[in-house]
Amino acid sequence: DDRTYRTREEVEAAKRSDSLILFGRYIMERGLLDTSDIEKLRTEIKQQVDVEVEAAWKAADPEPESALRHVFAENGSGFRPIDWSNLRQEDSGDAGQKMEQAEEEILDTTGGEATPSEPPAGGEAQP
Amino acid sequence: MTEKNVVQTIHDTLWDAMKADDRVLVMGEDVGARGGVFRATAGFLDEFGERRVIDTPLAESSIVGCAIGMAMHGLLPIAEIQFADFIHPAFDQLVSEAARIRYRSAGDWDCPLVVRAPWGGGVHGALYHSQSIEAFYGHVPGLKVVLPATPYDVKGMLIASMNDPDPVLFLEHKKTYRLIKGEVPDEPYEVPIGKADVKREGDDLTCVAYGLMMHHALAAAQRLQDEEGVSCEVVDVRTIAPLDKETILDSVRKTGKAMVVYEDNRTYGAGAEISATISEELMFDLDAPVVRVGGPDVPGMPFATPLEHFFLPDEEKIFERMRDLAKF
């Protein structure tokens with residue numbers, strides 16, 4: 001346990017308001033779990049982690065070249081793209097009109113396009 | 001087919017996606033009640049309601065952070081950053097979290113996040129409404145960065161971005177919003193992420209460009225043909241990451257001369273990566289050094305008109321560099 005960041009006293013003080021510890025106490029106060037339930041959970045989870053750690057230690061070292069995999073999706077990714085066949089003809093046409101309506105209300109501010117890009121005639125200095 | 005400008009294309013494509021799939025939602029500053037400062041989400045709040053059109057607080061790290069959580073848990077959030085200049089508080093979320101979700105979980109977790117942001121100058125946006133950000137994020141493996149500049153490409157790549165299980169930064173050059181119009185198919189289609197596009201064929205030199213600069217390059221190439229009889233091929237990068245090296249290298253191999261045009265500060269910009277790639281792989285095919293045309297290395301795009309014009313590469317400057325390269 002790394003003592004280089006905080007003193008023992010600071011750690012003890014922090015534990016008094018540690019949300020994980022407080023939440024455990026809250027659940028027990030509400031009668032949802034008792035101490036033996038929590039012990040049982042702890043043991044189960046520790047066993048699970050031990051099993052995974054053991055399997056990881058025992059597993060073969062990865063092939064060095066495998067560091068190049070999974071930058072992007074490889075074939076067989078379960079990802080389901082948009083099903084465009086759901087799009088009905090009549091749903092599509094509306095969009096352009098909405099934009100035209102909105103255009104009429106436009107106050108071209110942040111777009112910056114209201115600012116003329118050409119100065120008044122005869123005004124521009126040559127670089 | 002309908003003729004639309006870029007922002008209307010974005011609006012309509014987002015609308016279609018929201019209609020097609022309940023997982024899709026939009027979130028960002030002013031996207032709801034105001035309909036977006038560029039009107040990209042006008043009418044959305046009335047149609048789709050508060051749960052799917054979310055007016056967020058002014059807190060970019062939270063906008064992206066919450067969107068990451070939503071994406072990991074089965075939604076398809078389209079987060080908007082009101083101006084790309086504001087995205088920096090969300091840098092940590094994008095780089096340290098979104099880009100790594102799949103990698104750190106060995107593919108167990110998806111992060112199908114889309115972050116949209118208007119970028120670029122030429123609208124008197126000055127320091128905080130004109131920035132280019134593609135280099136910062138193009139550098140990050142695990143993030144896709146796209147910047148289509150025509151309505152056709154915008155719809156196709158926005159759909160591709162929404163269909164992508166990985167996080168995509170979808171950059172929209174704000175000057176193209178109303179300036180650039182084009183024919184857009186009414187039905188959904190994809191333009192693949194990671195594919196550049198030859199927008200104009202040519203034989204004498206290759207000009208690689210993106211965003212507003214791509215449109216200037218096209219105009220300059222036409223002028224080059226008309227006035228000098230020189231034929232310039234224009235390659236629209238479209239995707240910064242993952243970069244389509246093949247299309248770019250094929251073009252330069254054919255013409256033997258390359259220039260890269262980008263509006264971002266020249267030094268350490270995305271054009272530098274493209275330039276280095278060309279130089280590294282095509283040494284014996286090149287008849288001239290690879291030229292970079294970029295913005296000056298100053299901390300922001302000025303507000304004063306003559307200074308903004310000085311900053312931005314325009315058709316005239318690009319034309320002159322093309323002509324010089326052709327003569328090399």
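This is a predicted model: local features need pLDDT of at least 70, side-chain atom pairs count only at pLDDT 80 or more; totals for chains, interfaces and linings use all residues.
User: At what angle do the axes of helix H9 and helix H13 of chain B cross?

Analyst: Two packed helices are described by the angle between their axes and the distance between the axes. Axes are lines fitted to C-alpha atoms, for helices over the stretch in contact, and angles run from 0 to 180 degrees between N-to-C directions; helices (H or I, at least four residues) and strands (E, at least two) are DSSP runs numbered from the N terminus. In chain B, the axes of H9 (residues 212-228) and H13 (residues 315-327) cross at roughly 55° and come within 8 Å, and H9(B) and H13(B) are therefore oblique to each other. Their crossing is right-handed, the near helix being turned clockwise from the far one by less than a right angle (left-handed if anticlockwise).

User: Which residues of H9(B) and H13(B) make the contact?

Analyst: Contact means heavy atoms within 4.5 Å. Among the residues involved are B:Met213, B:Ala220 and B:Leu224 of H9(B), together with B:Ile318, B:Phe319 and B:Met322 of H13(B). The residues of this contact divide into 9 nonpolar, 1 polar and 7 charged, where Ala, Val, Leu, Ile, Met, Phe, Trp, Tyr, Cys and Pro count as nonpolar, Asp, Glu, Lys and Arg as charged, and the others, Gly among them, as polar.

User: How do helix H1 and helix H7 of chain B pack?

Analyst: H1 (residues 6-20) and H7 (residues 151-162) of chain B pack at an angle of about 30°, with their axes 9 Å apart, which makes H1(B) roughly parallel to H7(B). This crossing too is right-handed, and the residues of the contact divide into 9 nonpolar, 2 polar and 2 charged.

User: Which residues have the most contacts inside the largest nonpolar core?

Analyst: A nonpolar core is a set of buried Ala, Val, Leu, Ile, Met, Phe, Trp, Tyr and Cys residues joined through side-chain atoms within 4.5 Å; buried means under 20% relative accessible area, exposed over 50%, and partly exposed in between (1.4 Å probe, protein chains only). The largest core has 50 residues, and those with the most contacts inside it are B:Ile87, B:Leu113, B:Val115, B:Tyr137 and B:Ile278. Helix H3 (residues 60-72) of chain B contributes the largest share, 6 residues, while a second, separate core of 40 residues includes B:Ile10, B:Ala17, B:Val37 and B:Met162.

User: Is B:His124 buried or exposed?

Analyst: B:His124 is buried, with a relative accessible area of 8%, and has a positive phi of about 60° although it is not a glycine. B:Ala106, with phi near 50°, counts as partly exposed at 44% relative accessibility.

User: Where does B:Pro242 lie?

Analyst: B:Pro242 lies in the loop between strand E12 (239-241) and helix H10 (245-255) of chain B, and the peptide bond from B:Ala241 to B:Pro242 is cis, with omega near -5°.

Definitions and conventions. Residues are numbered from 1 along each chain as its sequence is written. Chains are lettered from A and ligands numbered from 1 in the order in which they are written. Side-chain values use heavy atoms; hydrogens and water are left out. Angles under 35 degrees count as roughly parallel, over 145 as roughly antiparallel, 65 to 115 as roughly perpendicular and the rest as oblique.
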